[in-house]
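I opened this entry to keep track of what I looked up. I wanted short notes that I could check against the picture.

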Amino acid sequence: MSDLQFKFAQLLSSNIPPDQTDLGGETIASVVITGISVVFMGLIILILLVTLYGKIFEGINKSAEAKAKAKAEAEAAAKAKAAEAAAKEAPAPAPAPAPAPAVEDGIEEEVVAAIMGALSVMYEGSGKKPVLKGVKAAKPRRSAWSAAGIMDNTRPF
Amino acid sequence: MAIIQSFLDTLAQLAQESGFAGFFADGGWKNIIMILISFVFMYLAVGRGFEPLLLLPISFGMLLTNLPGADLYHPEYWEYLKVTDRYGEVNDHYIDYNRILEHGGLLDILYMGVKLQLYPPLIFLGIGAMTDFGPLIASPRSFLLGAAAQGGIFFTFVGAAILNMSAADCASIAIIGGADGPTSIFVSSKLLTKNSACSVGTIALAAYTYMALVPIIQPPIMRALTTKKERSVVMGQLRPVSRLEKLIFPVLVTLIIALMIPSAAPLVGMLMFGNLLKESGCCDRLVKTAQNELMNIITIFLGVTVGATTQADKVISLDFGKVMLLGVIAFSLGTACGILLGKLMYILTKGKINPLIGSAGVSAVPMAARISQKVGQEEVPTNYLLMHAMGPNVAGVIGSAVAAGVLLAIVK
């Protein structure tokens, strides 16, 4: 074992000439151990750093989201107040605001916003006012046609 | 009468100087066999779609280099010379580039890009400009699978050494297990000498052949090493990755890997530079050039010149058989190592990781990831492992570049 340790240390400080044959068991073992451990060491360092900055960015994104949410809520409350005041002043009853859609747990607000945005673009100019009543995740099981469609779209990757 | 005699003499002289006469000269039969082998590879590329973008130029380079009298490539120009420089230092790896520029053929001139290690890093630039590291950033543990799959490289080194091959041969054959053509060419062009059993061309041929055979080689190993329950694991959705994270990643990887293993810097550096160009979002013209024109031009140069190094005496030999055998072992071991670490991660995460994504750790982007997806869907048709497998897949590209750097640092 001490021989192997010596070889390992020797390998890091010296080199094997390209034309050398008959490398010997110890040299071969030290190449394998050195190679695998250096590759793992390099990539483990990257895992740690990428995880670390991933956590930092996740934290930043979450706090930004929370701020945006609080801001949106405050704006909505202010609008509701203004609408209430306007309703008191005007004799005609204002149309009731659409109820908030029932959103299933786990679905992000951005997704709901994107769906709402898509709906309003679709109905723009038609005179109709679409109301999003609920958003829920699709069942994991897909129909054969749906699966074939997804397969077709992801095949180039 | 004199005119007829002169006409016949001229014809005879032309026939003697023609390439056809070369086939009947000493060893000319080997050229015929090599040309026939080039036809086989052309068929595999065109008829069977085996990595055609590289196998077709390689096979045509093989055809050109074996045409007697064409003098497109001169292997003797690339033999290392032993010289003493003006400072009295002996250099036994000297190549006379002036001689090549003055007397070399077209393929000699183009081969300078291989020998000077220009083409593989430039190919990596294009690969970087096409790669999305998002799945890897979202799930950094994928790096481990990319590292494990490089085990095939080092275990094959053992196999080649047992067959009493030289250190350069061992390293060049072993790197085939990384399933990364440019990396294999990068390592072999730097290490192999005229005394080596294999050439850059034979290494490239083996590497690209096995990369094309990923859909045949990997699935049986994947099925043999995993249970039905493991293959049926449906993995959760990956977190979204911000643009800033994607921008930091290439800089971070370059700094860590290039400082840790400087010999891996050309490959990793260019890979990450290409990726930074892509993620920057402000260098569209450069990204398009790296992804398309530059990549295509280099692919043509690389393929045709690597093919030119496949001389008859290197291919029609037992050593080429050894390269092919050890190559497939390297590839299979890499796949197995990735799967086995995937199994360990499956146990440690209590069944949250599908071990099939481990096989994608052998680069071969994106084919290896697609195989993980395909084998996973055999158990659960609605299971989409593709993005999860892309993490280990792109980690494998970085891992094989690091492994190449380690081999180059050890063998020199």
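My notes follow, topic by topic.

**Ground rules**

I am reading a predicted model, where local features need pLDDT of at least 70, side-chain atom pairs count only at pLDDT 80 or more, and totals for chains, interfaces and linings use all residues. Residues are numbered from 1 along each chain as its sequence is written, while chains are lettered from A and ligands numbered from 1 in the order in which they are written.

**Confidence**

I checked pLDDT, the predictor's confidence in each residue, from 0 to 100. Chain A has a mean pLDDT of 79, and 80% of its residues reach 70 or more. For chain B the mean is 91, and 100% of residues reach 70 or more.

Next I looked at elements, which are DSSP runs numbered from the N terminus: helices (H or I, at least four residues) and strands (E, at least two). In chain B, helix H20 (residues 312–315) is lowest at 78, and helix H17 (residues 265–280) is highest at 95. For the complex, the predictor gives an ipTM of 0.84 and a pTM of 0.77.

**Chain A**

I found four helices and two strands in chain A. Along the sequence they run α-α-β-α-β-α.

How many of the residues of chain A count as buried? Of the 157 residues, 12% do. I used this rule: a residue is buried if 20 or more other C-beta atoms lie within 10 Å of its own, exposed if 12 or fewer, and partly exposed in between, with C-beta atoms placed from the backbone.

Then I turned to helix H3 (residues 109–123) of chain A. The number of buried residues among its 15 is zero, so H3(A) lies largely in the open. I also checked its span. The expected span of a helix is 1.5 Å times one less than its number of residues. For the 15 residues of H3(A) that gives 21 Å, and the end C-alpha atoms are 21 Å apart, which agrees.

**Where the chains meet**

I counted contacts next. Two residues are in contact if their C-beta atoms, placed from the backbone, lie within 7 Å. By that rule, 37 residues of chain A are in contact with 46 residues of chain B. On the chain A side, the elements giving two or more residues are helix H2 (25–89) and helix H4 (144–154). H2(A) supplies the largest share, 21 residues.

What kinds of residue make up that side of chain A? They divide into 23 nonpolar, 10 polar and four charged. Here Ala, Val, Leu, Ile, Met, Phe, Trp, Tyr, Cys and Pro count as nonpolar, Asp, Glu, Lys and Arg as charged, and the others, Gly among them, as polar.

**Helix pairs in chain B**

I compared directions using axes, which are lines fitted to C-alpha atoms, for helices over the stretch in contact; angles run from 0 to 180 degrees between N-to-C directions. Angles under 35 degrees count as roughly parallel, over 145 as roughly antiparallel, 65 to 115 as roughly perpendicular and the rest as oblique.

Helix H11 (residues 167–174) and helix H12 (residues 181–191) of chain B pack at about 170°, with axes 9 Å apart. H11(B) and H12(B) are therefore roughly antiparallel. Ala168(B), Ala171(B) and Ser172(B) in H11(B) meet Val187(B), Ser188(B) and Leu191(B) in H12(B). That contact has four nonpolar residues, two polar and no charged.

H6(B) packs with helix H19 (residues 293–308) of chain B at about 110°, with axes 9 Å apart. That makes H6(B) roughly perpendicular to H19(B). Contributors include Leu107(B) and Tyr111(B) of H6(B), and Phe301(B) and Ala308(B) of H19(B). This contact has nine nonpolar residues, two polar and no charged.

Gln117(B) has a positive phi of about 55° although it is not a glycine. I found Gln117(B) in the loop between helix H6 (106–115) and helix H7 (119–130). With 17 C-beta neighbours inside 10 Å, Gln117(B) counts as partly exposed.

Lys350(B) also has a positive phi, about 55°, and is not a glycine. Lys350(B) is exposed, with 7 other C-beta atoms within 10 Å.

Last, I noted a cis peptide bond between Val365(B) and Pro366(B), with omega about -10°. Pro366(B) is in the loop between helix H21 (318–348) and helix H22 (367–379).
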